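This briefing concerns the structure displayed here. Please keep the sequence and the model in view while reading the points that follow.

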Amino acid sequence: MLNALIRFGMGLIGLAMLLEVFLPQVHETATVDQHTISTRRDHHRDPSTTETSYKLRFLGSKIESCDVGWRAYNDTQDGDVIDVRYTKLFKHCTAIDKNGAQLYDNQGWRLFSAFTGVIALLAAFGAFPSFNFEGRQVY
C-alpha cells in the first residue's frame with residue numbers, strides 16, 4: 001500500500017513538473033511596490049560567508065513577488081511599471097522586462113523542471129531499484 005501511494009505521489013509530481021514546462025507562460029504588467037533584501041549566513045559550509053537574496057513585490061499582478069538578481073533589484077524603483085513572466089501552475093517568476101530591456105531571466109528553470117519531472121515519472125513507473133527503510137521495503 002505504501003509503495004502504491006509513493007508511486008502515485010511521484011507520478012503526480014512528475015506530471016506537474018512536466019506540465020509546468022510545456023504550458024505557456026503568463027505575461028503581465030505589474031507595478032513594483034517594494035524592494036526587499038535579505039542576507040543570511042550559511043553556518044554549515046563557511047560561517048564567514050553570507051548569501052544575499054533580492055525580492056521585488058508587485059501590485060496589479062496575480063504574482064505577488066519574485067526573487068530576482070541584483071540587476072533587476074538595482075535597476076527598478078518603487079512605482080516602476082514592468083513586464084513580468086511567470087509559470088501558470090506554480091507561479092514561478094521566469095523573466096522581468098522594463099521598457100523593453102530584460103532585467104531578469106531565469107534561464108535554467110525549464111531544464112530543471114523537465115529533469116525533475118522525468119526523474120519523478122521514472123520513479124513512479126518503478127525504474128529505480130527498491131530499498132528498505134526501517135525494515136520495510138519502500139519501492
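The points below treat the sheet, its strands and hairpins, the helix pair and a few single residues.

The model is predicted. An open sheet of six strands is arranged in the order 3-2-1-4-5-6, and its pairing is antiparallel. Helix 1 (residues 2-22) and helix 3 (residues 109-124) approach each other, their axes coming within 7 Å.

**Sheet architecture**

- In the strand order 3-2-1-4-5-6, the pairing is antiparallel and the sheet is open.
- The edges are held by strand 3 and strand 6 (101-105), each of which has a single partner strand, so one side of each lacks a neighbour in the sheet.
- On average, and with direction ignored, neighbouring strands of this sheet are turned by 40° against each other.

**Strand 1 and its partners**

- Strand 1 (residues 26-41) runs antiparallel to strand 2 (residues 50-59), and 10 bridges join the two.
- Within this pairing, T52 in strand 2 is the bridge partner of T39.
- Strand 1 also runs antiparallel to strand 4, to which six bridges join it.
- Here E28 is placed opposite V84 of strand 4.

**Strand 2 and strand 3**

- Strand 3 (residues 65-68) is joined to strand 2 by four bridges, and the two strands run antiparallel.
- Opposite Y54 stands V68 of strand 3, while K55 faces D67 of strand 3 as its opposite residue.
- Five residues lie between the strands in the hairpin of strand 2 and strand 3, where G60 adopts a positive phi near 80°.
- The loop between strand 2 and strand 3 also contains K62.

- Strand 5 (residues 93-98) pairs with strand 4 in the antiparallel sense, over four bridges.
- Strand 4 and strand 5 form a hairpin with six residues between them, and K91 in the turn has a positive phi of about 55°.

**Packing of helix 1 and helix 3**

- A pair of packed helices is described by the distance between the axes and by the angle between them.
- For helix 1 and helix 3, the axes come within 7 Å and cross at roughly 155°.
- The two helices are therefore roughly antiparallel to each other, since angles over 145 degrees are classed in this way.
- The crossing of helix 1 and helix 3 is left-handed.
- Helix 1 contributes R7, M10, G11, I13, G14, L15, M17, L18, E20 and V21 to the contact, and helix 3 contributes W109, R110, S113, A114, T116, G117, V118, A120, L121, A123 and A124.
- The residues of this contact divide into 13 nonpolar, five polar and three charged.
- S113, a residue of helix 3, is buried, with a relative accessible area of 8%.
- Leaving out residues up to four places away in sequence, S113 touches M17 and V21; both M17 and V21 belong to helix 1.

**Residues in the loops**

- K62 counts as exposed, at 65% relative accessibility.
- K91, located in the loop between strand 4 and strand 5, is not a glycine, yet its phi is positive, at about 55°.
- K91 counts as partly exposed, with a relative accessibility of 39%.
- N99 is located in the loop between strand 5 and strand 6; N99 likewise is not a glycine and has a positive phi of about 55°.
- N99 is exposed, its relative accessible area being 73%.

Technical notes:
Residues are numbered from 1 along each chain as its sequence is written. This is a predicted model: local features need pLDDT of at least 70, side-chain atom pairs count only at pLDDT 80 or more; totals for chains, interfaces and linings use all residues. Side-chain values use heavy atoms; hydrogens and water are left out. Axes are lines fitted to C-alpha atoms, for helices over the stretch in contact, and angles run from 0 to 180 degrees between N-to-C directions. Angles under 35 degrees count as roughly parallel, over 145 as roughly antiparallel, 65 to 115 as roughly perpendicular and the rest as oblique. A crossing is left-handed if the near helix is turned anticlockwise from the far one by less than a right angle, and right-handed if clockwise. Contact means heavy atoms within 4.5 Å. Ala, Val, Leu, Ile, Met, Phe, Trp, Tyr, Cys and Pro count as nonpolar, Asp, Glu, Lys and Arg as charged, and the others, Gly among them, as polar. Two strands pair if DSSP finds at least two bridges between them. Buried means under 20% relative accessible area, exposed over 50%, partly exposed in between (1.4 Å probe, protein chains only).
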